Amino acid sequence: MRWRPLLLLFLLSACARPDTLPPEVGLVYPQGGGVAPGRSLRAEGYAFDPSGVVSVRVNGREVLEAPSRGKPLVAFRFRLEAPSSGTAEIVLEAEDKAGNRATRRVAFTLDNDPPRIQLERTERLEGGLVRVYGRVEDNVGVERVVLLEKGRYLPLSLPKGTSVPFAVVASPGSVLIAVDAAENRASRRLP
């Protein structure tokens with residue numbers, strides 16, 4: 001009687017489906033797009049597989065720390081030196097406990113050009129303030145726009161994109177700072 005539960009357990013384990021699916025792997029930051037050439041790039045990502053992830057490689061180099069190996073969901077980080085021109089591509093590879101492998105290629109555009117801040121119209125307001133209308137443009141994408149006024153940095157609530165319109169009320173002489181997806185910066189003093 002004692003051997004029947006063991007026989008049942010053996011039969012059930014023989015019927016279990018083998019793991020044939022590769023792990024999922026991807027980047028959280030940066031997701032692609034603009035990267036400043038010659039800069040060190042900090043990247044973060046995740047890999048997932050129900051049977052456990054045992055290896056994550058970036059361009060052939062292992063980046064998964066030993067305490068994370070074998071877990072179903074793992075986070076990884078790495079630094080990458082971007083080349084000085086053209087496009088860059090990194091190859092992410094992940095392997096699970098069953099030996100299944102996944103490969104994902106992520107391309108980056110190397111962006112030397114800072115954003116362009118165009119002032120289109122200025123209105124004088126009471127109290128010595130000005131209202132400035134304009135547009136920030138970038139070939140890869142505008143990440144954020146900040147107003148530097150009286151020593152304080154005030155982020156503007158603007159959408160991201162390659163052409164971002166703005167309207168800002170500020171003191172004359174304040175500085176508008178634009179940052180693109182590759183962390184290139186441009187600034188322009190308001191009239």
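Ser68 is placed in the loop between β5 (61-62) and β6, strands being DSSP runs (E, at least two residues) numbered from the N terminus. This is a predicted model, in which local features need pLDDT of at least 70 and side-chain atom pairs count only at pLDDT 80 or more, whereas totals for chains, interfaces and linings use all residues. Residues are numbered from 1 along each chain as its sequence is written, and side-chain values use heavy atoms, without hydrogens and water.

**Ser68**
- Ser68 counts as buried because its relative accessibility is 18%; buried means under 20% relative accessible area, with a 1.4 Å probe and protein chains only.
- Beyond its neighbours within four places in sequence, Ser68 is in contact (heavy atoms within 4.5 Å) with Val53 and Val74.

**Sheet**
- An open sheet of three strands has the order β1-β3-β6 with antiparallel pairing; two strands pair if DSSP finds at least two bridges between them.
- Its edge strands, β1 (24-29) and β6 (73-81), each pair on one side only.
- β1 is joined to β3 (residues 40-48) by five bridges, and Glu44 in β3 is the bridge partner of Tyr29.

**Nonpolar cores**
- The largest nonpolar core has 23 residues, and Leu27, Val56, Phe76, Phe78, Ile90 and Leu92 have the most contacts inside it; such a core is a set of buried Ala, Val, Leu, Ile, Met, Phe, Trp, Tyr and Cys residues joined through side-chain atoms within 4.5 Å.
- At least two residues of this core come from each of β1, β3, β4 (53-58), β6, β7 (87-96) and β8 (101-110).
- Another core, of 15 residues, lies apart from it and includes Val136, Val145, Phe166 and Leu176.

Note on methods
Helices (H or I, at least four residues) and strands (E, at least two) are DSSP runs, numbered from the N terminus. Buried means under 20% relative accessible area, exposed over 50%, partly exposed in between (1.4 Å probe, protein chains only).
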